[in-house]
Amino acid sequence: MQPIPLSLSPFFQEYDFSKLNPQKDSFTIIERVLQFGNRSEIRWLFMAYSQDEVKKWVKRFGKDRLPQPHRAFWQVVLEIAE
């Protein structure tokens, strides 16, 4: 799995960025990239995790973890019915 882009480090200030593991910390990484990621970081997200994994995350946790504009956007992009 590809390492987390350094450009995402500002969104993980409460973590030791060098110790984040894309497999072990996928919950937090997916959340932060969906909220704050730019185009290249989102591209990385979908290379690191399958669209199905991201879609499952949004279905399961999106309501509690993503603010409304972000949640609505990802529901449209990932074709998730409410």
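Biologist: Where does Lys19 sit?
Modeller: Lys19 is in the segment before α1. Helices here are DSSP runs of H or I with at least four residues, strands are runs of E with at least two, and both are numbered from the N terminus.

Biologist: What kind of model is this, and how are residues numbered?
Modeller: It's a predicted model, where local features need pLDDT of at least 70 and side-chain atom pairs count only at pLDDT 80 or more, while totals for chains, interfaces and linings use all residues. Residues are numbered from 1 along each chain as its sequence is written, and side-chain values use heavy atoms, with hydrogens and water left out.

Biologist: Back to Lys19: buried or exposed?
Modeller: Lys19 counts as exposed because its relative accessibility is 62%. The cut-offs, with a 1.4 Å probe and protein chains only, are under 20% relative accessible area for buried, over 50% for exposed, and partly exposed in between.

Biologist: How many residues apart in sequence are Lys19 and Glu79, and how far in space?
Modeller: Lys19 and Glu79 are 60 residues apart in sequence, with 33 Å from C-alpha to C-alpha. Glu79 lies in the segment after α4 (68–77) and is exposed too, at a relative accessible area of 68%.

Biologist: What is the phi of Glu79?
Modeller: Glu79 has a phi near 55°, a positive value in a residue other than glycine. For background, most residues other than glycine have a negative phi.

Biologist: New topic, helix α1. How many of its residues are buried?
Modeller: In helix α1 (residues 26–36), eight of the 11 residues are buried, so the rest of the structure largely encloses it. The buried ones are Thr28, Ile29, Ile30, Glu31, Arg32, Val33, Leu34 and Gln35.

Biologist: What covers them?
Modeller: The cover over the buried residues of α1 includes α2 (39–48), α3 (51–65) and α4. Contact here means heavy atoms within 4.5 Å.

Biologist: At what angle do α1 and α2 pack?
Modeller: At about 150°, with the axes of α1 and α2 9 Å apart. Axes are lines fitted to C-alpha atoms, for helices over the stretch in contact, and angles run from 0 to 180 degrees between N-to-C directions.

Biologist: Which residues make that contact?
Modeller: From α1 you get Ile29, Ile30, Val33, Leu34 and Phe36, and from α2 Glu41, Ile42, Trp44 and Leu45. By class, the contact of α1 with α2 has eight nonpolar, no polar and one charged residues. Nonpolar covers Ala, Val, Leu, Ile, Met, Phe, Trp, Tyr, Cys and Pro, charged covers Asp, Glu, Lys and Arg, and the others, Gly among them, are polar.

Biologist: Glu31 was on your buried list. What does Glu31 touch?
Modeller: Leaving out residues up to four places away in sequence, Glu31 touches Trp57, Arg65 and Leu66. Glu31 has a relative accessible area of 6%, which means it is buried.

Biologist: And Arg32, buried or exposed?
Modeller: Arg32 counts as buried, at 12% relative accessibility. Its side chain makes a polar contact of 2.6 Å with the side chain of Glu14. That term means a pair of N or O atoms within 3.5 Å; within protein, one must be able to donate a hydrogen and the other to accept it, and residues adjacent in sequence count only if both atoms are side-chain atoms.

Biologist: What else does Arg32 touch?
Modeller: Not counting residues up to four places away in sequence, Arg32 touches Phe11, Phe12, Glu14, Tyr15 and Gly37. Phe11 is in the segment before α1 and counts as partly exposed, at 25% relative accessibility.

Biologist: How many aromatic pairs are there?
Modeller: The count is nine. Rings of Phe, Tyr and Trp (its six-membered ring) pair if their centres lie within 6.5 Å; planes under 30 degrees apart are stacked, over 60 edge-to-face, and the rest tilted. Take Phe27 and Trp57: their ring centres are 5.7 Å apart and their planes are at 55°, so that pair is tilted. This pair links distant parts of the chain, with Phe27 in helix α1 and Trp57 in helix α3, 30 residues apart.
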